[in-house]
Amino acid sequence: MASLSSPPPPPPARLEAELAKLDPAVPFRATRAHRHRTWARTFHSRPELYITPETLPEIQKAVTLARRCRRRLVVVGAAHSPSDLTCTSAWMLSLDRFARALRVEPRARTVVVEAGMRLRALNLLARDRGWTLPNLGSIDEQSVAGALATATHGSALRHGLLSDAVRSLRLVLGNGSCVLCSREQNVDLFRAALVSLGALGVVVEVEVALAPAANVRWEQALQPLAHVLDTWDSTLWSSAEFTRVWWLPYTRRAVVWRADKTDEAPRPPPKSSWYGGSIGSHTYHALLWLANHVPRLLPLVERFVFGMQYGFRVGESSRTEAVEEMRTGLLMNCLYSQFVNEWALPLDKGPEAITRLGAWLNGDEQTARIPFSSKGVYVHAPIEVRVSDGSVTSSSSSGSSSGSGGSGSPPEGTAATGGPRLRAFLDPTWPDSPTLYLNATLYRPYGADPPCTPRYYQAFEYLMRDLGGRPHWAKNFGASPLGPVTHADLRRMYGADLDSWLDVRRRCDPEGMFVGGWLRRVVLPPPPPPREDEAREKGAEAEGEARLAVMPLEEREVCTRPRRRRGGGRDWFGEQAGADAATAVAAAAAVAAAAAAVADKARAGNAALERSSSEESFDVMHGAEAEASTLLAARGEDTTEEEDEGEDDDDGTVLARVKEGAAEGLMGTRVFEKM
């Protein structure tokens, strides 16, 4: 099998002919010179074509061409997920150039933006009008569509998923039609698209409800783990609007971080020691690398690193605080490549989960009740503990500054949009109680995988499943020796909601244009066995085992294999499940000529017309070919993409996600002012 550094396979021979049938004034901006990498460099793939549209008609044209050329289409934003969810050897469509603000509604305090806009840009747009997103995760580098697709969340019992703030969505479906959905229109499509996994179509527009801009005063302190467990059901999660806990399992301590809205003016945290800048960051990175070779050092590394950051004593002496804009104050620094395995549990199961996992990590297998040995397993700190409340009866995600039921609190059972909470079909939070997220992060120092990964994640996932947990869609779950999470597992977790999501997915994309190896492995029912094994198939059907035939445009995962270059990770290879070998005939020169012809015609016909929209129902639009919508002219022309970095230039370096406003000091950016 060729490596990712080999020349990419040629596009289908029929691409040139299909391009000639469509409006030449609508550019098709595509390149073959692109290698896709997740932010953490955990997975790499080489798409056959990398498409960078700038307008809705260009997106519709790309979808139409993919359908006619019988190719899977993968939509990608920031690629922050460390999983293989966005890997493809087929066509990849990036929304990075599709990121403009479309409408602002001051009375409703909403904005409509193109789906490729990053959360940071959306919050800057909102700040200019005195608004802000009501909730954020740890970073704001994700695209709006990407953050919604995988159920991104923050950490607050007064908030659910980030998608609680969404009022409406517009999608381009597999037939090229553009469909609007909301709480009132195409409701099933809306509930499916709020957590779409990129499998329904291309989300192109998002209407977001915003909150008044505010500053937040945050404080953090090192506490004994016993304090966390003792206050779990009383004040730990309710004494502030936003709360996070970072658990240090070997020292049996935790950093408790809280934030509330305030009228105070911004003020930076107190100046940290010489260790708080780049020296501390590089020291920790080097110690993590050393511990890959001498794992038993990790308990000492935990004590040293977090002692240097917070002090070696718990309580008030370790407390730091600051006041920041809410849009930056809720963010953290993400410094190193990492595996992230996060699961959601009912909040009341948190103490048991922490007690049992902590016991396993410290060699007390009797208390842990996890049937795998922890001997020789040493893991990284911290383990992140967060919360949210996506239950139907929870209070608003619009983010009041007071406690539940206090002044400024919204009516019970409402969401950020102002109406009753409408849960996504694949919302991993609990519908009838607050939710805990337990995040077992493992760093990859200088791109090297930690040796504890298989056994740690095997034990962690056993515990999560034992407690009835649900995996975070964007994370590295199901890759341990325990075995993958499958459709049967999800059916037990989500019940009829999974069936509803699958039904919407089928109606949006019956040919499987947006289906790849990850979706088939995790979410979809397995394909039927070979016909020669018909007796076994009938037996499985008799037992109620769901089956779903391979779809014409579905992409099948062929294999993954370790990379031998610095930075590590795995190369991902796929193939069209229903591909005809004749469609893969070499046609690079013809495609280049076709693209040049399209570019020439686009220059001559560079008119900007009205953006298309649809008020028709989802059911009606699904059955209609929407070729006419591609006749809308697009602005500009650009058939080239930036030159792909040579394989030898990829040193595996991960660009740290340092939050806006991180203070600079003599020793560099103070990345350790906050966890």
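How many salt bridges does a search of the whole structure find?

Guide: The search of the whole structure finds 43 salt bridges. A salt bridge here is a side-chain nitrogen of Lys or Arg within 4 Å of a carboxyl oxygen of Asp or Glu. The model is predicted: local features need pLDDT of at least 70, side-chain atom pairs count only at pLDDT 80 or more, and totals for chains, interfaces and linings use all residues. Residues are numbered from 1 along each chain as its sequence is written, and side-chain values use heavy atoms, with hydrogens and water left out.

Take Arg 70 and Glu 511. Their side chains meet in a salt bridge at 2.5 Å, N to O. This pair links distant parts of the chain, 441 residues apart. Arg 70 sits in the loop between helix H2 (56–68) and strand S5 (73–76). Glu 511 sits in the loop between helix H14 (496–508) and H15. Helices (H or I, at least four residues) and strands (E, at least two) are DSSP runs, numbered from the N terminus. Arg 70 has 28% relative accessibility, so it counts as partly exposed. Glu 511 is partly exposed too, at 27%. The cut-offs: buried is under 20% relative accessible area, exposed is over 50%, and partly exposed is in between (1.4 Å probe, protein chains only).

Now Glu 18 and Arg 14. This salt bridge spans 3.6 Å, N to O. Glu 18 is buried, at 5% relative accessibility. Arg 14 is partly exposed, at 35%.

Asp 427 and Arg 423 also meet in a salt bridge, 3.4 Å from N to O. Both of these residues are buried.

Arg 470 places its charged end over the ring of Tyr 494, 4.5 Å from the centre. Arg 444 lies over the face of Phe 339, at 5.5 Å from the ring centre. The test for a charge over a ring is that NZ of Lys or CZ of Arg is within 6 Å of the ring centre and within 35 degrees of the ring normal.

Next, rings against rings. The whole structure holds 13 aromatic pairs. Rings of Phe, Tyr and Trp (its six-membered ring) pair if their centres lie within 6.5 Å; planes under 30 degrees apart count as stacked, over 60 as edge-to-face and the rest as tilted. In Tyr 456 and Tyr 457, the centres are 5.7 Å apart and the planes are at 35°, so the pair is tilted. Tyr 456 is buried, at 0% relative accessibility. Tyr 457 is buried as well, at 5%.

Phe 477 and Trp 518 pair edge-to-face, 6.3 Å centre to centre, with 80° between the planes. They link distant parts of the chain, 41 residues apart. Phe 477 lies in the loop between strand S21 (470–471) and helix H13 (487–494), and Trp 518 lies in helix H15 (residues 517–522). Phe 477 is buried, at 9% relative accessibility. Trp 518 is buried, at 4%. Ring pairs also link Tyr 284, Phe 306, Tyr 336 and Tyr 443 into a cluster.
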